[in-house]
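User: Hi! I'm new to this one and would like a friendly walk through it. Can we take it chain by chain?

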Amino acid sequence: MDIQSYLLILIGTVFVNNIIMAKILGLCPFMGVSKSLETAIGMGAATTFVLTLASGSSYLINEYLLGTDLAYLRTLSFIVVIAGIVGFTEMFVRKTSPVLFRVLGIYLPLITTNCAVLGIPLLNVQAQHNFIQSLFFGFGGAVGFSMVLILFAGLRERLEGADVPSIFRGTSIAMITAGLMSLAFMGFAGMVK
Amino acid sequence: MAGLAIFLGAALGFAAVRFKVQEDPIVEQIDAILPQTQCGQCGFPGCKPYATAIANGEAEINQCPPGGEDGIHKLAELLGVEFKPLNDEHGEPKPKAVAVIDEATCIGCTLCIQACPVDAILGAAKQMHTVIAQECTGCELCIAPCPVDCISMDTIQEAVATWKWKYPVVQMKVRA
Amino acid sequence: MEMEIPGGANESARMSRTLYEFNGGVHPDEHKQVSTSRAIGIAPLPKQIIVPLSQHIGQAAKPLVGVGDQVLKGQRIGQAEGYVSVSVHAPTSGTVTAIAEHTVAHPSGLSDLCVHIAPDGADQWITHAALDYRNMAPSHLRNLLRDMGIAGLGGAVFPSFIKLNPGAAQKVPTLILNGGECEPWISCDDMLMRERAGEILQGAAIMRFMLNSDEVLVGVEDNKPEAIAALRAAAGDCGFPVEIVAVPTIYPGGGAKQLIKVLTDKEVPSGGRSTDIGVATFNVGTAYALHRAVHHGEPLISRIVTVTGNVHRPQNFEVLIGTPVAELVRLAGAVKDDTSGYLMGGPMMGITLASTDVPVVKATNCILAQSPALFPPTPPAMPCIRCTRCAQACPADLQPQELFWFARAKNFGKTQEYKLFDCIECGCCSYVCPSHIPLVQYYRYAKSEIWAREKDKKAADHARDRHEFRQQRIEREKQERAEKLAQRVSTKPATVDSDSPEDAAATAKKAAIQAAIERAKAKKDSVTPKNITDLPPEKLQEIAEIEARRAKIREIAQQPVDE
């Protein structure tokens, strides 16, 4: 495995197989925490941290603790690990930025059951990545998630000032915007396998 | 599996001690948004207690009439919750006013001085009282205790110094 | 951009100077020659003079005279209050008839406190003398200028004595006199420079002395060749090196920040002042007023005003501050029949006057009568099409379309992020907007909303401090009382009353209050209301009956209900 393949994993996860836009995972924070740029950046950072750690540690658990015999425990043990990391992150955020903690609200503990966070370690196993690849895959996925979240938050901040017909105001126009964004991301399809 | 759980539990326990949060600074931030009239219309004895109550989830964000819709919007944004229209049980927003004591009727009982939350009333026992207009928050707390009803609220009139540009009313072209 | 200045009258003018460009700007039709064909006229004494106490930026002046007082020309009638403030003066001798609210030149059309003076026709000066400014403590000189009411005549009316403070560095290297006058229609500075160039430069000499400047520049737009020639002729014998620079005509080239950029290539930092980069700018009119104040001891009581637009004889007048606009319009041969309104200032930045009763103030550079033919109404606004022509035209290098977007959405935090307060409200963006969106109105709205909020915030913080202090005090008093009580109890343990001393005190107090209420009631009853003193007997009878009924109801209400 050379540098190029790691780079490809990064580009692939950030743009081509973007976890929100292409895999349609992690929609809960995508719609919930994208009202302002500040919270989106905070959520992105928290998720990046959790996802990278989670994919690394779940790789180790899967490889050395579970092996092939205990494969049925995989999902369960992944959730336990992720819950632990999220708990840690939660305390850390609470200490460093109470406002962000307050703003992220329910979504911070929800990272635990966030399909994106669980999905990426499982995809790692499926793709039979090694440790470094898993880390890159996790990190890339998280960067892709943060990027889309931040872009979308920027768009939604703009939407606040737009002349939207009253029935489309709020979540409806946000959904339409998300759909258009997803269409745009389809443009990356096929760039990297 | 059990070992894993025990290990994580230990790690979390350590983190809980390490990153312990002393005081909730969110109270200060909520208090900064509240208008500090100390009027008690929210049902709490002042802005700080109300802020504490909001932070603890014991009060809604829509109980402050002097803060108006703007205040509720700001609180909603800070706390990441949905905006709620003002609860009219707690009163409705009024234009800013200051208390004025009718000095001819005042008997100098000092009851209003004791009621004023910001010490904006000047006077002494059996002496005429008067309101320092710049310090008055318009909370109306002095009106009820006055035994001779000599306190009234004067709405602050718009003057050149306080005038604000209005939101532009733009006439849009009607399509033929 | 290199510019060779053609045919200078003296050596300093023959120097060539590298000029720079600011981004943006527009070229509206000038319409200046309309009012420059006639010399500056001296306006006759008006029948009534109304001097607003707040003509400058900052706090209003405090009135020094009372109704009925005789005042002399140049007498101080309002004293500067606070730091950012200047005095106001009686423009002529006469009697103070009122100190009352009067409509003033303000976009709100609201009234403000003014001193009304009925001129006695004698126009008698108060004793005044030239100032020996070179042998004076600088702070004393500045205070004298404040008391003579000298403020910037370019439009902002910022107290000049503050700008004439060289600060900690004891020096402002570059002094710029602003003769840009970029707004269409206005020609008061142009005419002042043509006719009184020498006096302007004498004013500049005082500024140069006060600021300890090395370099004095006069920037004049190149559409005023007569003014440039007059200044160059005067520069030869003014006694200090001064450079008269013709700058390209482009609106808003007369803006202070823009002129500094053109002449020195320096940019005033965002939120900063020009003195931060060692430059001071003054309007040429301010220099003239300073000359009158220092060399003649005359406070600022008159200024040059252009009366133009839809009038029969457009002209510049030297007008006493406080002259009603209506009188000025009459001097210019009255307005034509289709006049639809009046602006104070130019078409780009001027404010609409609520009526022609408003008095001329220190800021009044132009009275512009409007008509539908000269100023066709703006077509209805269309949605923003994001063409960014406003961004190309903005001389402050802002993003007007973004500011508009966020101001419209009332997202004030974002407007400040996009540097709303660097906007000089020049109106270039609205001028070029193909959708005719009144952009500047949105910025003004956002600015005043932000200011109001900041004020509210300050008031709230203040109230919080006072409330917290009060609570501390109550707590402390409680503690002190408890300590005292504890002491008393320990000294007199034997006497145990049924009432504690606290209760007894409270009861006594209540009784005293009750007695006072009774007294107040009695007093109220004894004072007969004025509006029933001159009534016929039958009416009085009726009132007495009503009073009796009321008393009975009160009695019934006070009786305990026993069933």
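Predicted model: local features only at pLDDT ≥ 70, side-chain atom pairs only at ≥ 80, totals over all residues.

User: Which kinds of secondary structure does chain A have, helices or strands?

Analyst: Chain A has 9 helices and 0 strands. Reading from the N terminus, the order is α-α-α-α-α-α-α-α-α.

User: Now chain C. How does its radius of gyration sit against that of a compact globule?

Analyst: Chain C has 32 Å, whereas a compact globule of 563 residues would have a value near 24 Å. The box filled by the C-alpha atoms of chain C is roughly 110 × 70 × 60 Å. In secondary structure, chain C comes to 17 helices and 19 strands, and 43% of its 563 residues are buried.

User: Which peptide bond in chain C is cis?

Analyst: One that is cis runs from C:Tyr251 to C:Pro252, with omega near -5°. You'll find C:Pro252 in the loop between strand E13 (243-247) and helix H8 (256-264) of chain C. As background, most peptide bonds are trans, and most residues other than glycine have a negative phi.

User: Then which residue other than glycine has a positive phi near 55°?

Analyst: C:His31 is one, with phi near 55°. C:His31 is in the loop between strand E2 (17-18) and helix H2 (33-36) of chain C. Another is C:Asp397, which is not a glycine and has a positive phi of about 55°. The loop holding C:Asp397 is between helix H11 (389-393) and helix H12 (400-408) of chain C.

User: Why does C:His31 count as partly exposed?

Analyst: C:His31 has 19 C-beta neighbours inside 10 Å, so it counts as partly exposed; a residue needs 20 or more to be buried. C:Asp397, with 13 such neighbours, counts as partly exposed too.

User: Where does chain C touch chain B?

Analyst: 27 residues of chain C are in contact with 28 residues of chain B. On the chain C side, the elements giving two or more residues are helix H15 (439-491) and helix H16 (501-526). H15(C) gives the largest share, 13 residues. By class, that side has 15 nonpolar, 6 polar and 6 charged residues.

User: What domains does chain B have?

Analyst: Its domain assignment gives domain 1 (18-90) and domain 2 (94-162). Their centres, taken over C-alpha atoms, are 26 Å apart. The contact takes 6 residues from domain 1 of chain B and 7 residues from domain 2 of chain B. The domain 1 side has 1 nonpolar, 5 polar and no charged residues.

User: Last one: which residues of H4(B) are buried?

Analyst: B:Ile72, B:Leu75 and B:Leu79 are buried there. They cover an arc of only 65° around the axis, which puts them on the same side of H4(B). Helix H4 (residues 68-79) of chain B has 12 residues and reaches 17 Å from its first C-alpha to its last, close to the expected 16 Å. After H4(B) comes B:Gly80, with a positive phi near 65°.

Notes: Residues numbered from 1 in each chain as written. Chains lettered and ligands numbered in written order. Contact = placed C-beta atoms within 7 Å. Helix = DSSP H or I, 4+ residues; strand = E, 2+ residues; numbered from the N terminus. Nonpolar A, V, L, I, M, F, W, Y, C, P; charged D, E, K, R; others polar. Domains from an automatic or database assignment. Expected span 1.5 Å × (residues − 1). Buried ≥ 20, exposed ≤ 12 C-beta atoms within 10 Å, placed from the backbone. Arc of directions from axis to C-beta. Rg over C-alpha atoms; globule rule 2.2 N^0.38 Å.
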